[in-house]
Amino acid sequence: MCSKGILSALRVGVLLTLAAFAAAFVDQPAQTSKNLVVNGDFETRSPRGGPAGYNLDGSVEYRFLGDPQRDFSSWGVALQPAKRGGNGPAAGEVSTVVDGIDASAGRWFRFTFRGLPQQNFAVRDDDLYMKVSFLGEGGNTSYDAKEKSIYPQVEEARRDLTVNGVRHRNGAEVWRTYQLDFWLPFPQVTQLRLSVGFGHGAATGAIDSEFFVDDFSLVRIPEPAGAPKPNPAESVEMTSPPGKLIPIGGRWSYWARDNEDAVPAKFDASNADRLLYHDAVYSAPFAGNMSAVLHAGEKDLSGAIVSSDRLVEDNVTVSFDATSMIIHTHGIPNHPTAKFPADRESGNGNPNYIQEQNETFYLPLDPKVNARHIITTTNNSNHALPMGPIGIAVNGVVFFNPFDMGNRDASDLMDRCCGHPNQDNQYHYHKYPICLNSPWADEGKEHSPLIGWAFDGFPIYGPYESKDLMAKDARGEQALNGFNLHFDAQRGWHYHVTPGVFPYLIGGYWGTEDPRDKQHPHHPGGGMGGPGGGFSGRGGPDGPGGGFNGPPPGGFGGGPPPDGPPGPP
């Protein structure tokens with residue numbers, strides 16, 4: 001996981017930005033919104049040792065969530081459904097009370113938390129929930145409660161996303177955002193109790209059976225357009241232009257302030273909420289995704305190992321020219337990661353670091369279909385996709401093709417956010433990065449959100465085509481072609497990730513790259529992938545003479561390349 005002291009502030013900023021952004025889209029004044037939960041990141045301890053401001057009941061434990069030797073993690077609460085003795089199955093809850101609720105300032109709110117179900121976590125009767133209780137008169141009066149069962153989401157992810165994991169297993173065992181939008185039913189409500197809990201524990205043993213809970217957040221949101229009262233809408237959709245829009249090119253516009261008549265020369269964390277992308281709705285895909293934390297133990301641009309966490313506010317910046325969106329990235333992931341180099345006992349054996357990068361990519365604003373496009377083969381024999389970066393996510397982390405340097409499937413041996421670094425210490429994704437859902441909660445109830453772009457300029461979306469239908473399972477006119485791509489009127493041609501199904505991200509460029517990307521040092525012909533393996537001519541992680549697990553020189557642990565079965569120590 002990410003370092004909490006710095007990153008918790010970033011997450012508050014994400015919610016602040018998105019709430020204000022959404023407000024303007026429903027023709028209401030922008031609202032100042034912040035995380036109303038005190039100690040939302042669970043890091044501050046009470047004198048008794050628990051998380052300050054929280055109440056823990058039943059089979060729960062406040063502790064470090066992860067392996068200190070293997071994870072960038074934090075303290076939080078583990079729900080423990082394995083029986084702990086006594087009568088009946090285990091049950092438990094973590095809760096906190098938010099004071100000073102003023103209904104006159106707005107009656108719509110969003111409660112979110114970040115959770116991770118371990119592979120053996122189980123309850124009966126869908127009894128894993130998040131709940132908001134409405135209190136008044138100093139907490140002495142209970143008016144009502146809004147509860148949402150989230151166990152169906154856990155089971156849905158296990159059904160749909162497990163194949164996204166190592167060896168096509170446990171892909172649902174990742175951090176993701178859970179969300180509950182609600183409306184205050186009575187103006188007398190002055191307090192809200194936020195809870196996450198479970199009952200009817202059904203885990204058969206204590207090993208890998210917990211549900212991790214972290215990062216409570218409560219923010220005000222604008223009233224969803226046309227939402228019935230008191231029943232909240234499932235999500236806030238911004239279907240109308242927000243006001244003064246200045247076209248940039250393609251699907252991009254700038255949401256200008258009243259006194260502005262020009263597009264900024266650069267977009268960063270300070271104005272990402274005003275860089276709008278229009279498909280079925282208007283959205284700000286870079287909002288909350290432009291800053292990240294370089295952790296102690298990772299490497300900076302010079303290759304030096306840093307000794308303390310450092311906030312990189314300009315991790316991603318965006319500008320435009322007449323034909324392209326230009327993304328500059330430091331390549332630092334803004335979500336939990338494993339610690340790299342990975343220790344041998346992890347079964348991974350990746351000897352590389354996560355290192356700050358200095359890269360610029362160009363994406364066509366008006367992507368064109370390439371009449372000579374080709375679909376990649378399962379062994380990369382036709383080189384339909386280059387090695388190295390083939391696209392970029394909204395958080396500045398690059399996508400790679402499905403192959404390692406030996407032209408074998410590279411979808412295994414990732415961390416719990418589906419990424420890892422290569423021998424250039426460049427963190428990247430070979431498949432759907434589920435953690436990238438944050439700050440979006442992709443619950444599989446509608447078309448998935450945008451997660452990035454291929455270098456031909458066509459957008460890449462998450463796995464769902466519509467409610468309960470993954471794009472990889474669509475048939476007829478909705479079916480994906482061999483490029484993992486199809487067309488609809490709202491989004492035009494667009495790719496979908498296909499968890500567990502080759503080619504995972506894209507199956508080839510449907511369009512044409514910007515020629516400037518072909519000069520990139522990680523592009524074949526720009527210094528990567530020569531004989532003997534390796535970027536820039538060095539012994540590569542997956543090429544002959546090197547590798548995560550290959551023989552020396554440069555090897556680590558013996559055996560086949562990193563994305564094949566790990567070799568012995």
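In what order do the eight strands of the open sheet stand? In this predicted model, the order is β22-β23-β21-β20-β24-β25-β29-β28, and the pairing within the sheet is mixed. Because β22 (419–421) and β28 (485–488) stand at the edges with a single partner strand each, one side of each has no neighbour in the sheet. On average, and ignoring direction, neighbouring strands of this sheet are turned by 40° against each other.

The structure holds one disulfide, formed by C417 and C435, whose sulfur atoms are 2.0 Å apart. The torsion about this S-S bond is about -70°, so the disulfide is left-handed. Since C417 lies in the loop between β21 (398–400) and β22, and C435 in the loop between β23 and β24 (450–454), the pair ties together parts that are 18 residues apart in sequence. Both C417 and C435 are buried. C418 also counts as buried, at 3% relative accessibility, but its sulfur is 6.7 Å from the closest cysteine sulfur, in C435, which is too far for a bond.

Confidence in the model is summarised by a mean pLDDT of 82 for the protein, with 79% of its residues reaching 70 or more. Two stretches in which pLDDT stays under 50 are listed below.

| Stretch | pLDDT | Contacts beyond four places in sequence |
|---|---|---|
| residues 1–32 | under 50 | 90 contacts |
| residues 524–569 | under 50 | 128 contacts |

Where pLDDT is low, predicted coordinates should not be read in detail.

How values were computed:
Residues are numbered from 1 along each chain as its sequence is written. This is a predicted model: local features need pLDDT of at least 70, side-chain atom pairs count only at pLDDT 80 or more; totals for chains, interfaces and linings use all residues. Side-chain values use heavy atoms; hydrogens and water are left out. Two strands pair if DSSP finds at least two bridges between them. Helices (H or I, at least four residues) and strands (E, at least two) are DSSP runs, numbered from the N terminus. Axes are lines fitted to C-alpha atoms, for helices over the stretch in contact, and angles run from 0 to 180 degrees between N-to-C directions. pLDDT is the predictor's confidence in each residue, from 0 to 100. Contact means heavy atoms within 4.5 Å. A disulfide is a pair of cysteine sulfur atoms within 2.5 Å. Buried means under 20% relative accessible area, exposed over 50%, partly exposed in between (1.4 Å probe, protein chains only).
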